[in-house]
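This report describes the fold of one protein chain and its packing. The sequence and the structure come first, and the description follows.

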Amino acid sequence: MHLLGSISELYGRHGSLYASISGGRNFSGQCVVLARELLRNRRGARFLELFAGPARHAAVLASEHGALCSAIDASPEMRRIAVETGAVPAARYHLARLPDLPPSQALAGPFDGMAILLYSVGYVTPADLIVLLRKLVPMLAPGGRLAFELHDLAMVRESFAHLAIREREIVVGPDERLHCIWPARPLRWQPDDWVVEMDVVVRRLVAGRVAEEHSFVSIERMYARSEIEALGLAIGGLRPISPDVDPVPFQGSVLALLERH
Ligand SMILES: C[S@@+](CC[C@H](N)C(=O)[O-])C[C@H]1O[C@@H](n2cnc3c(N)ncnc32)[C@H](O)[C@@H]1O
């Protein structure tokens with residue numbers, strides 16, 4: 001099964017478009033939750049963001065919570081953006097196509113916390129997720145935690161009709177806006193798995209006229225929290241944890257937390 005689809009172009013040669021359209025989240029609020037749930041608010045804690053993209057969470061955890069952050073992503077363009085914006089130092093932003101990992105001596109582990117945010121775990125198959133989790137367990141410090149931001153399945157069931165960020169308009173200049181619709185058309189489900197194809201449309205509007213339009217297809221596996229928790233238990237070394245309080249800044253998503261024991 002091949003996941004990801006042509007959306008890889010949005011993370012690759014159109015990476016700056018992705019950085020703009022994904023920038024409107026409450027990163028500070030989300031990082032308060034991540035710092036508490038993953039790093040126990042300890043300054044100097046080590047954090048690894050997987051499928052990091054522009055690594056905005058790593059940036060905020062470093063600047064506002066004193067974390068020592070590393071990142072992994074498959075896209076050189078995402079790495080370039082993250083490094084240029086100062087989100088993560090070049091030496092700690094690693095290129096790898098997960099579940100492949102950079103050599104462990106290159107990583108600044110063991111990590112107190114790791115996170116896979118904005119539904120990105122959907123870009124790996126369950127078989128690859130097992131491979132990945134097995135590799136991540138020894139990279140976590142004892143008591144270290146791994147967070148997954150997953151889709152709210154109630155929203156998936158209604159084809160994201162009520163997802164607040166389904167349609168986004170971002171002002172990027174005095175006369176320039178980006179318009180993103182994700183998903184732009186009805187979802188296409190595979191008959192034999194929780195794999196869905198979503199059309200994504202990104203338009204750049206200059207003075208109200210469409211100056212550029214891109215269409216992508218994102219192919220993702222939907223994961224339920226119970227499935228992530230079951231995988232963690234099945235591979236051994238990881239147990240499910242409930243967040244301390246409702247993770248409000250992740251509104252519209254579900255958080256799954258696993259802890260190394
Ligand atoms: C939806 S974006 C999320 C980025 C970031 N976590 C955020 O919150 O904005 C998904 C990211 O996963 C990366 N990606 C997709 N498949 C990957 C893989 N197998 N290994 C590493 N990175 C991957 C893409 O390059 C992209 O940067």
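## Helix 3 and its neighbours

The buried residues of helix 3 pack against helix 4, strand 4 (111-116), strand 5 (140-151) and strand 12 (253-260). Helices (H or I, at least four residues) and strands (E, at least two) are DSSP runs, numbered from the N terminus. Two residues are in contact if their C-beta atoms, placed from the backbone, lie within 7 Å. The buried residues in question are Gln-30, Cys-31, Val-33, Leu-34, Ala-35 and Glu-37. A residue is buried if 20 or more other C-beta atoms lie within 10 Å of its own, exposed if 12 or fewer, and partly exposed in between, with C-beta atoms placed from the backbone.

The model is predicted: local features need pLDDT of at least 70, side-chain atom pairs count only at pLDDT 80 or more, and totals for chains, interfaces and linings use all residues. Residues are numbered from 1 along each chain as its sequence is written.

## Helix 3 against helix 4

Two packed helices are described by the angle between their axes and the distance between the axes. For helix 3 (residues 27-37) and helix 4 (residues 56-65), the angle is about 75 degrees and the axes are 9 Å apart. Axes are lines fitted to C-alpha atoms, for helices over the stretch in contact, and angles run from 0 to 180 degrees between N-to-C directions. The two helices are therefore roughly perpendicular to each other; angles under 35 degrees count as roughly parallel, over 145 as roughly antiparallel, 65 to 115 as roughly perpendicular and the rest as oblique.

Helix 3 contributes Phe-27, Ser-28, Gln-30, Cys-31, Leu-34 and Ala-35 to this contact, and helix 4 contributes Arg-56, His-57, Val-60, Leu-61, Glu-64 and His-65. By class, the contact residues are six nonpolar, four polar and two charged. Ala, Val, Leu, Ile, Met, Phe, Trp, Tyr, Cys and Pro count as nonpolar, Asp, Glu, Lys and Arg as charged, and the others, Gly among them, as polar.

Seven strands make an open sheet of mixed pairing, in the order 3-2-1-4-5-12-11. Strand 3 (93-95) and strand 11 (238-241) are the edge strands, each pairing on one side only. From one strand to the next the twist averages 20 degrees. Helix 5 (residues 76-84) packs on the sheet, where it touches strand 2 and strand 3, and its direction makes about 170 degrees with that of strand 3.

Two strands pair if DSSP finds at least two bridges between them. Strand 1 (residues 46-50) and strand 2 (residues 68-73) are parallel, with five bridges, and Leu-50 is opposite Ile-72 of strand 2. Strand 4 and strand 5 also run parallel, joined by five bridges; here Ile-116 is opposite Phe-148 of strand 5. Strand 11 and strand 12 run antiparallel, with four bridges, and Ile-241 is opposite Leu-257 of strand 12.

## Burial of the strands

In strand 1, five of five residues are buried. Arg-46, Leu-48 and Leu-50 lie on one side and Phe-47 and Glu-49 on the other, so both faces are covered. Strand 5 is mostly covered too, with nine of its 12 residues buried.

Ser-253 belongs to strand 12 and counts as partly exposed because 18 C-beta neighbours lie inside 10 Å. Its C-alpha atom is 5.7 Å from that of Leu-150, a residue 103 places away along the chain. Beyond its neighbours within four places in sequence, Ser-253 is in contact with Glu-149, Leu-150, His-151 and Asp-152.

## Ligand shell

The ligand has 17 residues around it, and Tyr-11, Phe-51, Gly-53, Ala-74 and Leu-118 come nearest. A residue is near a molecule or strand if its C-beta atom, placed from the backbone, lies within 6 Å of it. The shell consists of 11 nonpolar, four polar and two charged residues.

## Backbone exceptions

Most residues other than glycine have a negative phi, and most peptide bonds are trans. Ala-55, in the loop between strand 1 and helix 4, has a positive phi near 60 degrees. With 28 C-beta neighbours inside 10 Å, Ala-55 is buried. Leu-118 has a positive phi of about 50 degrees and lies in the loop between strand 4 and helix 6 (126-136). Leu-118 has 19 C-beta neighbours inside 10 Å and therefore counts as partly exposed.

The peptide bond from Leu-98 to Pro-99 is cis, with omega near 15 degrees. Another cis bond joins Gly-109 and Pro-110, with omega about 0 degrees. Pro-99 is in the loop between strand 3 and strand 4, and Pro-110 is in the loop between strand 3 and strand 4 as well.
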